[in-house]
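Dear colleague,

I am handing over the structure below, and I would be grateful if you could look through it before we talk. My notes on what was found follow directly after it.

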Amino acid sequence: CIVLQAISLFEVLAYPQKIRSQDVSRYENKFKLLQNKLPAQGVFGFVSDCPDINEDPSAKMFSAQYALSPRIIVNSADTRLVVVHSCSETTAELAHVKFGLIPHIDLGNGVMLFRKETE
Amino acid sequence: MIFLLCLAFLAPIIAGYSVTYTLLPLQKPSFHYYVLKTTLTLGVGCGITSCSYFLILSLFGPAKIYLVMNDVISGLAFIALFLYFFRFREKLSYPAISEDISTNGKVQQILTLGFIAALICSIGNAILRSSMLPHGSWDAWTIWNLRARFLYRGGSHWTDTFSTFLAPHHPDYPLLIPAQIARFWQFIGKETQVVPAIIAICFVYSTAGLLVSAIFMLRSRSQGLLAGLVLLGTPYYLIIGISQLADIPLGFFILATLVLISFQDRMSGSPGISLLAGIMAGFACWTKNEGLLFLLTVIIARLAIIFFDADRKNKVGQMTCFVAGIAPILLILLYYKVHFAPSNDIFAGQEIQTVIGRLMDLSRYVQITKALLVFASQTIPVASLLIIYPFYAGIQLENNSKKAVITLLIILFLMCSGYFAIYVISPYNLGWHLETSLPRLLMQLWPSVIFIYFLMVNTPEEMVSKQE
């Protein structure tokens with residue numbers, strides 16, 4: 001039992017990146033810059049063209065939800081304001097063509113706030 | 001902030017200690033009894049202040065003044081309770097829970113050193129992992145810490161946490177952990193990840209302390225140290241524990257209930273133990289939905305024992321006290337489920353035909369069994385030791401432990417059956433559901449499995465004297 005615990009401790013010391021890869025902090029830090037730009041409550045959309053985090057398609061939206069709570073983030077572009085997580089130069093154009101969204105605020109770190117063109 | 005953090009601990013400690021001190025019978029002062037009382041104090045205090053925070057929030061709103069007033073008033077009430085019963089305490093006496101068992105000094109020394117080594121490794125592991133994962137693992141930041149943020153940040157809109165838009169985040173889950181985290185944040189006036197990390201570590205080591213001290217009192221010191229070694233030597237237990245999930249706190253309350261049930265069978269004249277067992281079972285229900293299944297299994301097991309017991313009147317009295325302990329917490333849970341929580345994702349929207357179809361599908365049973373075997377194969381070092389050990393040490397059920405052990409075995413069997421059944425009827429992709437939850441569910445029961453195991457096997461002293 002002591003050996004097992006010691007092995008586990010060794011794994012933490014030898015392979016810290018394996019554990020740190022599960023940490024949500026860097027995504028949280030990315031999205032939380034939007035906190036001052038969004039209303040304090042409400043439902044906001046989320047779209048992303050970035051690769052999945054740890055092969056999980058919901059991880060990006062969930063990390064945005066965690067950072068921006070108590071606002072509610074939904075996997076949709078059908079809300080008045082939409083959080084866009086961008087990894088491509090053509091995101092703005094695609095968002096306009098596909099969802100009718102226009103840029104509202106660009107935080108400069110791949111995180112943008114779009115709004116409906118009709119608003 | 002450190003001063004306010006320490007101050008925030010005051011209300012749970014006062015509440016927990018008053019209740020534990022009042023309900024636990026007087027025993028000869030000993031280190032292991034103090035450890036037991038301390039661990040129960042932390043659990044009870046956490047549960048009481050979590051419930052009161054939720055009630056304050058739902059009845060009066062999120063203003064900090066109500067929280068402070070609640071802490072002061074309830075703190076004074078609990079101190080008054082403590083002082084009132086303190087006058088009577090010395091007049092009451094109960095038979096000792098623990099027996100004087102001759103100890104083998106050398107065996108104990110080796111086990112003590114081994115336990116300390118495991119403890120130091122685990123503490124180092126816990127601190128390092130907590131610092132690398134300040135927000136915990138996936139379920140921590142998508143469920144428990146997320147809900148704490150809604151309670152704390154939401155202000156008058158705190159009920160947004162129950163929105164059906166948040167269905168993937170299980171908004172129906174009870175609030176013991178999120179409410180406790182939000183309570184600390186509100187008290188400190190700042191949202192800090194130190195709080196959920198401390199709460200997680202407290203439950204990990206309270207469970208270990210409770211297990212060691214309980215086996216210490218019911219069997220022997222060496223046996224207690226062995227039990228502690230097995231628990232702390234299970235790396236997955238620690239990993240789950242410091243991930244800021246609710247599974248280990250649930251495991252703590254399950255273990256506490258089973259420990260107190262074992263005590264009550266030795267001290268039939270003490271209603272306080274049964275009452276405290278009910279309180280712990282109630283807090284298990286307030287921690288996770290699995291707590292409700294646990295409560296059901298405890299009631300079924302105790303009713304079965306009552307039915308076959310010659311001393312039925314006494315057992316009925318114990319059951320009455322147990323129900324009296326659960327009642328206030330179940331009322332709070334009922335209020336929460338009726339007025340706030342949406343339907344549970346496992347059961348909501350499931351048609352009876354679909355459920356029956358899944359129950360009749362044998363491939364699901366095979367898949368679940370395979371997943372259990374895969375998990376067991378990953379725990380071969382510890383599992384194989386535990387399987388071989390009784391052949392070497394022997395098993396001996398003491399007369400005054402027999403009913404308790406039978407009760408505990410029935411509860412464990414029913415819990416495992418319940419978990420199995422939930423997987424069978426699960427509306428999710430079964431492979432995904434098993435992969436993401438089975439290890440955690442088993443860790444909820446692991447401390448209790450170790451407890452029952454070491455109640456049954458011979459102690460090192462009994463083993464040595466048998467060989468001699």
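To begin with chain B, B:Thr234 is buried, with a relative accessible area of 8%; please keep in mind here and below that this is a predicted model. The residue lies in the loop that runs between helix H9 (221–232) and helix H10 (235–241) of chain B, and the side chain of B:Thr234 reaches the backbone oxygen of B:Val230 at 2.7 Å. Leaving aside residues up to four places away in sequence, B:Thr234 touches B:Met443 and B:Trp446.

Turning to the cysteines, the count over all chains comes to one disulfide, which joins A:Cys50 to A:Cys87 with an S to S distance of 1.9 Å. Because the torsion about the S-S bond of A:Cys50 and A:Cys87 is about 100°, the disulfide is right-handed. As for accessibility, A:Cys50 counts as buried at 8%, whereas A:Cys87 is partly exposed, with a relative accessible area of 49%.

In chain B, the sulfur of B:Cys416 has its closest cysteine sulfur in B:Cys285, and since the two are 17 Å apart, they are too far from each other for a bond. B:Cys416 is partly exposed, with a relative accessible area of 38%, while B:Cys121 is buried, at 15%.

Terms used: Residues numbered from 1 in each chain as written. Chains lettered and ligands numbered in written order. Predicted model: local features only at pLDDT ≥ 70, side-chain atom pairs only at ≥ 80, totals over all residues. Heavy atoms only, no water. Disulfide = S-S within 2.5 Å. Buried < 20%, exposed > 50% of the residue type's maximum accessible area, 1.4 Å probe, protein only. Helix = DSSP H or I, 4+ residues; strand = E, 2+ residues; numbered from the N terminus. Polar contact = N/O pair within 3.5 Å; in protein donor to acceptor, adjacent residues only side chain to side chain. Contact = heavy atoms within 4.5 Å.
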